[in-house]
Amino acid sequence: MTSILHIEGLTKRYASGHEALSGVDLTIEEGEILALLGPNGAGKTTLISIICGLVMPTGGRVSVGGHDIARDYRKARGMIGLVPQEIALEPFETVWNVVRFSRGVFGKKRNDAHLEDVLRSLSLWEKRDAQIRELSGGMKRRVLIAKALSHEPRVLFLDEPTAGVDVELRRGMWEVVEGLRARGVTIILTTHYIEEAEEIADRVAVISKGQILLVEEKARLMARMGRKELRIELHEPIDSLPERFRDKGLELVDAGRAIVFHYDTRGERTGIAALLAELSEAGIVLRDISTRQSSLEEIFVGLVTEDTA
Ligand SMILES: Nc1ncnc2c1ncn2[C@@H]1O[C@H](COP(=O)(O)OP(=O)(O)OP(=O)(O)O)[C@@H](O)[C@H]1O
């Protein structure tokens, strides 16, 4: 894979003295979908705004497709599409004019075939002559995406694409993002919704207080998430686990009154049935059993609160 976006040692201190970014390093591979997760005020918007040239960084470097955003701003910016959080569209303008003007702003030659292709891919072609005010909320969001894609960017930023929308619209938006990926667009989306990151991202980056705490393949995070804990309460406390249970991932807790077993829910066989049978064979009598799952939400909250502590 080749990297399309490279961020190195990026810092931002606002005039107020507040440090919104403290040394962010991040590399985005071409064609991937990265979800940037973080609580309010973590620095997500500041990061995107710097990449898009809306905010000046205090230090560090960013390049898009090899173009430095400071030295080669126009080329770098031309490779980026930004879908903002707020729907700011001229209500009396038609869908077609919105995308046509936007392409013009980037100094790109007229290319109606590309615009048609973008509108079709977002199911907006039939609405091309409609005024923005006649569209539903979901359609307006798709117009924002079409607008951001009008100048053929290679990287698309989606800032909270589904904030405040209902479940059905959210699913629709995920399908749109999947479609864009299939067309080879690299996507970086910020979100508060862990479920959203789980559903559509290839990699997840967690940002808190201006620092990237973790960047990991979603599949690996899911594997961690897939870990479950089985808690076995014993009828009588035991001093130690019999020899045959060593190296089986068991833990004796609560002064010998319970055994905790960690297992992977994604494994074909969890080994629970065999374990229970073996415990019974060893004469260990169970009083109760319960399970709990560690979720991405827990991992995320754990990371963020650890950082705040
Ligand atoms: N223009 C500014 N001047 C001073 N401080 C600012 C400015 N813009 C943002 N901040 C501060 O920088 C920090 C990061 O803000 P930012 O908007 O980047 O966070 P965010 O992760 O996008 O949050 P949210 O999810 O709420 O949009 C916050 O503490 C915010 O108050």
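This is a predicted model: local features need pLDDT of at least 70, side-chain atom pairs count only at pLDDT 80 or more; totals for chains, interfaces and linings use all residues.
Two strands count as paired here if DSSP finds at least two bridges between them.

Strand β4, residues 59-64, is joined to β5 by two bridges, so the two strands count as a pair. They run antiparallel, and S63 has D68 of β5 as its bridge partner. β4 and β5 also make a hairpin, with two residues between them. In that turn, G65 has a positive phi of about 55°.

β4 is also joined to β1, this time by five bridges, and again the strands run antiparallel. Here I7 stands opposite V62 of β4. The two pairings of β4 look like this:

| Strand pair | Bridges | Direction |
|---|---|---|
| β4 and β5 | two | antiparallel |
| β1 and β4 | five | antiparallel |

As background, strands of a sheet pair through backbone hydrogen bonds, either parallel or antiparallel. Taken as a whole, this sheet is open and has four strands in the order β2-β1-β4-β5, with antiparallel pairing. Its edges are β2 (19-29) and β5 (67-68), each of which pairs on one side only. Helix α1, residues 44-51, packs on the sheet, where it touches β1 (3-13), β2 and β4. The direction of α1 makes about 65° with that of β2.

**Around the ligand**

Which residues are around the ligand? They are Y14, S16, H18, A20, G38, N40, G41, A42, G43, K44, T45 and T46. By class, the shell divides into eight polar residues, three nonpolar and one charged.

**The nonpolar core**

In soluble globular proteins, nonpolar side chains tend to be buried together. The largest nonpolar core of this model has 61 residues. Which residues have the most contacts inside it? They are A146, L156, F157 and I187. Helix α5, residues 137-149, gives the most to this core, with six residues.

Leaving aside neighbours within four places in sequence, I187 is in contact with I33, L156, L158, V177, L180 and R181. Among these partners, L156 is itself one of the residues with the most contacts inside the core.

Definitions and conventions: Residues are numbered from 1 along each chain as its sequence is written. Two residues are in contact if their C-beta atoms, placed from the backbone, lie within 7 Å. Axes are lines fitted to C-alpha atoms, for helices over the stretch in contact, and angles run from 0 to 180 degrees between N-to-C directions. A residue is near a molecule or strand if its C-beta atom, placed from the backbone, lies within 6 Å of it. Ala, Val, Leu, Ile, Met, Phe, Trp, Tyr, Cys and Pro count as nonpolar, Asp, Glu, Lys and Arg as charged, and the others, Gly among them, as polar. A nonpolar core is a set of buried Ala, Val, Leu, Ile, Met, Phe, Trp, Tyr and Cys residues joined through C-beta atoms within 7 Å. A residue is buried if 20 or more other C-beta atoms lie within 10 Å of its own, exposed if 12 or fewer, and partly exposed in between; C-beta atoms are placed from the backbone.
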